[in-house]
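Here are my notes for a first look at this one. Have the sequence open next to the model as you read.

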Amino acid sequence: MSWSTSTSGGGGVHQAPEFVKISPFWQVPVLDDSGTTLFDSNAILVYLATKYDACRRWLPLDPKEQADVQAWLSMAPAKSRLALQLHA
Ligand SMILES: N[C@@H](CCC(=O)N[C@@H](CS)C(=O)NCC(=O)O)C(=O)O
């Protein structure tokens, strides 16, 4: 898998009219994997773990272990905001 990153650098790439075709909320990150486009960090992580981690270390097949991963993915944005507020 090859990859590259692109940042707006203040230029507002994520505000370009064509960007909304990939990201309906005009947000980063997005992923373009050889024409398969995705938005939302959690969706991207699940896609990458499902497609490229054959050993399923990152998103286990076991239902309980997979639910544990999903729980942390779900909680991460709220907890990150809280941590930033507490340590501001
Ligand atoms: N739920 C989304 C949230 C993405 C998000 O909040 N992106 C911010 C940067 S961290 C963004 O693109 N902000 C620019 C904007 O909303 O115009 C995800 O996890 O991917």
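**Notes on the model**

1. The chain's secondary structure comes to 2 helices and 2 strands, where helices (H or I, at least four residues) and strands (E, at least two) are DSSP runs, numbered from the N terminus. Along the sequence the pattern reads β-β-α-α. Keep in mind that this is a predicted model: local features need pLDDT of at least 70, side-chain atom pairs count only at pLDDT 80 or more, and totals for chains, interfaces and linings use all residues. Residues are numbered from 1 along each chain as its sequence is written.

2. How much of the chain is buried? Buried residues make up 0% of the 88 residues. As for contacts between residues at least 6 apart in sequence, 8% of them join residues at least 24 apart; two residues are in contact if their C-beta atoms, placed from the backbone, lie within 7 Å.

3. Now the strands. β1 (residues 30-33) pairs with β2 (residues 36-39) in the antiparallel sense, over 4 bridges; pairing here asks that DSSP finds at least two bridges between the strands. Leu-31 stands opposite Leu-38 in β2, and Asp-32 has Thr-37 as its bridge partner there. The two strands form a hairpin with 2 residues between them, and Ser-34 in the turn has a positive phi of about 50°.

4. The peptide bond from Val-28 to Pro-29 is cis, with omega near 5°.

5. Which residues surround the ligand? They are His-14, Trp-26, Gln-27, Val-28, Pro-29, Asp-40, Ser-41 and Asn-42, a residue being near a molecule if its C-beta atom, placed from the backbone, lies within 6 Å of it. By class, the shell has 3 nonpolar, 4 polar and 1 charged residues.

6. Asp-40 sits in the loop between β2 and α1, and its phi is near 85°, a positive value in a residue other than glycine. Asp-40 counts as partly exposed because 16 other C-beta atoms lie within 10 Å.

7. On to the loop between α1 and α2, which holds Arg-56. Arg-56 is not a glycine, yet its phi is positive, at about 55°. With 13 C-beta neighbours inside 10 Å, Arg-56 is partly exposed.

8. Pro-60 is in the loop between α1 (41-52) and α2 too. Leaving aside neighbours within four places in sequence, Pro-60 is in contact with Glu-65, Gln-66 and Val-69. Its C-alpha atom is 9.1 Å from that of Thr-50, 10 residues apart along the chain.

9. Last, helix α2 (residues 63-86). Its 24 residues should span 34 Å at 1.5 Å a residue, and the end C-alpha atoms are 34 Å apart, so the two agree; the expected span is 1.5 Å times one less than the number of residues. Where does α2 bend? The bend is about 45° at Ala-76, and a proline, Pro-77, follows within four residues. That angle is taken between axes fitted to the seven residues ending there and the seven starting there. α2 is hardly covered, with a count of 0 buried residues among its 24.

Conventions. Ala, Val, Leu, Ile, Met, Phe, Trp, Tyr, Cys and Pro count as nonpolar, Asp, Glu, Lys and Arg as charged, and the others, Gly among them, as polar. A residue is buried if 20 or more other C-beta atoms lie within 10 Å of its own, exposed if 12 or fewer, and partly exposed in between; C-beta atoms are placed from the backbone.
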